[in-house]
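Please read them with the structure open.

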Amino acid sequence: MALRFLSLTLLLLVAPCALGAVKLPTNYAFALEWGTDSGPDALNFPLGVAVNKDRTKVFVCDAANSRIAVFNPDNGAFLLSFGSSGSGPGQFATPVNIAVSPKTQFIYVTDPLNSRVVVYDQNGVFIRNFGQNGTGPGQFDGLVDIGLDDSGNAYVLTNTRMQKYTGWGKYLSEWSMLSPSDPKKFQPGGMGINQVSREVYVLDYANNWVKRYNGVTGKFLSMFGGAGVFAQTIAITADAQGGVYVLDGNNTQGGARRAAIKRGLLQSTPKPTMRIQKFDGPSGTLLVAFGSYGTGPGQMANPYGITTTRNGFWVFATDSALNKVLKYSLPFKAGGWADPHFQGFDGKRFDAHGKANTWMDLLIAKGSKFGVKAMLANGLMPGSSFMTDIAFTYANAKYRSRLVKDGSTWAMTATLNGRPLKIGTSFPVSGTKVTFFPGSPGKNGRLQIEAGQVRIVVSQMWRADWNALADYLNVGIDLRSQLTGDVTGILAPSYYRALKLADHGIASQVSAATVRPLDISASTV
C-alpha cells in the first residue's frame, strides 16, 4: 500500500574531515497537531482516536458533539463527520473509544451510556449496532474499549471481562479480567491489540500494570509496569510489530489530586508530567519515551486517547482539555561526509560528484512546490568538491544560504526571495519559522527553516582544528509528510526505497543503523 505520510530525515554533510562513529537516534518527534475553536473541524472534548490500515484517515470521537470527526493525517485537514446524539440507529449518547477493522475497514465505536457498539463503513454510513446492558453473553457491564484483529474479530473490554465477537457482532467467547484473590483491585483503563499476533494488552488503571493475553484462548501471558514505571496510566495501544504504547502522566492540576493534597494524603505537589512510553510488548522492555506536559505545540495537558499505525511510525493522541489531536512521527536519521558522500533516507551510502559552479538537485518535488539544491565548489584534492550554496524552495518562498569571502574567512549569509534575513528568530511567511545566526569564532552558523511539514537546517561549522569557520555548508532535510507527485534529484531513489521499507514495517531497522560520518553533533536536525 502507498504510504501517505511519514517522517523522513536526511542529514547531508560535506567536509574534508576524519571519520567517527555516530549512533542515529530512533525516538519520536512531534510532527503536527490540529483542532480549531470554530467551524466544522472544531473539536469539543475529543476522546478515542483511531487510524485506518492504509493511513489515509484519522477518526476522532468528538464526545461533546456526539459525532465522529475524520481528518487527513498528512496535514490535519477536516474530511467529514458522522453520527449524532441519541439512542437510535447510528446515534450515540457519548462516543468514547473507536477502532478500525483491518479486514473490512469498518469503524467500531463504543457508546457506553447506550451499552452498545455502533458500526459504520469508511464513509460514515451506519451498518449496525450490537450489544446491550447486562452481565450475560453478548451484554456489556460497563463498556470500556474495543480492538480488532486481522481476521476482523472484535474484542470488547468491559469493567469485568473481555468479550470476543465476529465483525458482524456475533458473540464468540469471553474471559474474566478479575483477579480471583482480590477482584476489586482491577480497574480497566483501555486495551490494545497486535492485529497480527492477536496478543491483547489490557491497562489495569488501578494498579498501573499492563497485562498481556493470548487473544485466541484468553490465557494470561505476562504483565509489566507498576510503581516506578508509570506515574498514572491513561490509555494504551499496540502496533503490529510488537510495540505497546502507554499514555502516562501525572497532571497535578487535576481536581482529585488537589483534593488529596488538601486532605493531607499527598505531602507535596510534584511537577506535572505527561508522556507516551513505548515498550516491547512480549518482554515489557521500555524502548523510548516522548511527549511532555504543557499547553504548547506537541505538549499534552489532559490527554485521553492514543493510537498508532500498524508499523508504529505514527502515534496520535487526543487532548480533551486543549481540544486537539497530536501527531508524533518516527524519523529516519542519515549521514554524509566529504567528497561528497551521502547517506540517503534508507540508510544506503553513495557518492554524488557534481559539477563545480553548477546547481545539483538534491530533492525536488514539483507537486509539493518543494525543492532543495546545492552549488558545489572544487576542493583542494583533484576531483573533490563541497557545498558552498544551498537553495530551498517551498511554495512561493525561496530561501538561500551561501558562503561569501570576508577578508580571511568565509561568512554565512541567508536570504528570502533575495532579501537578507534578520538575525534571530522571525516569522517572515505565514506558518513559517526561521532562525538564523551567522557563525563567529567558537560558534557554528545556523539557518533553520520550519515551513509546513518540512524543516531545513543549513550550518557552517566552527573548526577548532583550523581556528576558523569552515569553507563549506552542511544541510539537513526533515520531511514529516510524503511529497506529492514525482520526486527527483540524487536523493529520490533513497526516498522511494525508504517508503517501501516503511510500508513493510521494517524501516526502524534503518533508523537504528550505525553510520560512520564525521562528528555531526553541531549539525544534526
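Predicted model: local features only at pLDDT ≥ 70, side-chain atom pairs only at ≥ 80, totals over all residues.

1. **Nonpolar cores.** Leu447 belongs to the largest nonpolar core, which has 40 residues. Phe370, Leu447, Ile456 and Leu479 have the most contacts inside that core. A second core is separate and has 29 residues, including Ile276, Val288, Phe316 and Leu326.

2. **Strand E21.** Look at residues 199–204. Six of the six residues of E21 are buried, so the strand is largely enclosed by the rest of the structure. Side chains in a regular strand alternate between the two faces of the sheet. In E21, Glu199, Tyr201 and Leu203 point one way. Val200, Val202 and Asp204 point the other way. Both sets are buried, Glu199 and Asp204 included.

3. **E20 with E21.** Strand E20 covers residues 188–193 and pairs with E21 in the antiparallel sense, over five bridges. Gly190 has Leu203 of E21 as its bridge partner. The two strands form a hairpin with five residues between them. In that turn, Arg198 has a positive phi of about 65°.

4. **E21 with E22.** Strand E22 covers residues 209–214 and is also antiparallel to E21, with six bridges between the two. Asp204 is paired with Trp209 of E22. This hairpin has four residues between its strands, and Asn208 takes a positive phi near 60°.

5. **A four-stranded sheet.** Which order do the strands of the open sheet of four take? The order is E3-E32-E31-E30, and the pairing is antiparallel. The edge strands are E3 (29–34) and E30 (303–308), each pairing on one side only. From one strand to the next, the twist averages 20°.

6. **E31 with E32.** Within this sheet, strand E31 (residues 314–319) runs antiparallel to strand E32 (residues 324–329), and six bridges join them. Trp314 stands opposite Ser329 of E32. Phe316 and Leu326 were listed above as members of the second core.

7. **Phe92.** Is Phe92 buried or exposed? Phe92 lies in strand E9 (residues 91–92). Its relative accessible area is 0%, so Phe92 is buried. Ser66 is 26 residues away from Phe92 in sequence, yet their C-alpha atoms are 6.1 Å apart in space.

Note on methods
Residues numbered from 1 in each chain as written. Heavy atoms only, no water. Core = buried A, V, L, I, M, F, W, Y, C linked by side-chain atoms within 4.5 Å. Buried < 20%, exposed > 50% of the residue type's maximum accessible area, 1.4 Å probe, protein only. Pairing = 2+ DSSP bridges. Axes fitted to C-alpha atoms, helices over the stretch in contact; angles between N-to-C directions.
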